[in-house]
Amino acid sequence: MAETLYRCAERGHSMPPADLQAVFRVLGVRIEPILEPDATRAAELIAGSRKGSAETDGQSLSLGDGLCLAVAERVGLPVTGGDRLWESLELSVAYLPFR
């Protein structure tokens with residue numbers, strides 16, 4: 001949610017972050033907490049992305065991306081994003097690129 005809120009502001013959205021987050025809640029967006037197993041899985045995903053960085057032009061997952069993917073796997077929901085690196089990862093959920 002943090003990235004969504006600051007990206008909206010970067011792109012010129014004028015609503016304060018707290019108000020925008022309230023709108024997302026009304027629309028049914030749920031913020032899932034990060035649990036201890038998510039930290040372990042995120043570390044695995046990040047380390048794996050760094051090992052394969054030669055194939056992905058030196059890119060690797062950020063901490064936020066790793067946690068997002070780990071939570072998605074835990075709750076069993078597909079993830080969407082614009083990062084091509086995510087397409088190269090072995091995830092237990094579907095990745096739906098939006099670009």
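**Legends to the close-up views**

The chain carries 10 positive and 14 negative side chains, and the centres of these two sets are 3 Å apart; Lys and Arg count as positive and Asp and Glu as negative, with His and the chain ends not counted, and each charge is placed at NZ of Lys, CZ of Arg, CG of Asp or CD of Glu. The model is predicted, and local features need pLDDT of at least 70, side-chain atom pairs count only at pLDDT 80 or more, and totals for chains, interfaces and linings use all residues. Residues are numbered from 1 along each chain as its sequence is written, and side-chain values use heavy atoms, with hydrogens and water left out.

**View 1. The chain and its secondary structure.** Four helices and two strands occur in the chain, in the sequence order α-α-α-α-β-β. Helices (H or I, at least four residues) and strands (E, at least two) are DSSP runs, numbered from the N terminus. The C-alpha trace spans about 40 × 30 × 20 Å along its principal axes. Of the 99 residues, 29% are buried, where buried means under 20% relative accessible area, exposed over 50%, and partly exposed in between (1.4 Å probe, protein chains only).

**View 2. The nonpolar surface patch that includes M15.** M1, M15, V23, L27, V29 and I31 form a nonpolar surface patch of about 490 Å². Patches consist of residues with over 30% relative accessible area and no salt bridge, like charges being joined within 9 Å and nonpolar side chains (Val, Leu, Ile, Met, Phe, Trp, Tyr) within 5 Å. A salt bridge is a side-chain nitrogen of Lys or Arg within 4 Å of a carboxyl oxygen of Asp or Glu. M15 lies in the loop between α1 (2-10) and α2 (17-26), and M15 counts as partly exposed because its relative accessibility is 33%.

**View 3. D83 in the loop between the strands.** D83 is located between β1 (79-81) and β2 (95-97). With a relative accessibility of 26%, D83 is classed as partly exposed. Leaving aside residues up to four places away in sequence, D83 touches Q59, D65 and Y95; contact means heavy atoms within 4.5 Å. D83 and Q59 are 24 residues apart in sequence, and their C-alpha atoms are 10 Å apart in space.

**View 4. C68 in helix α4.** C68 belongs to helix α4 (residues 63-75). The relative accessible area of C68 is 38%, so this residue is partly exposed. C68 and D57 are eleven residues apart along the chain, with 22 Å between their C-alpha atoms.

Note on methods:
Areas by Shrake-Rupley, 256 points an atom, 1.4 Å probe, with all protein chains shown as cover.
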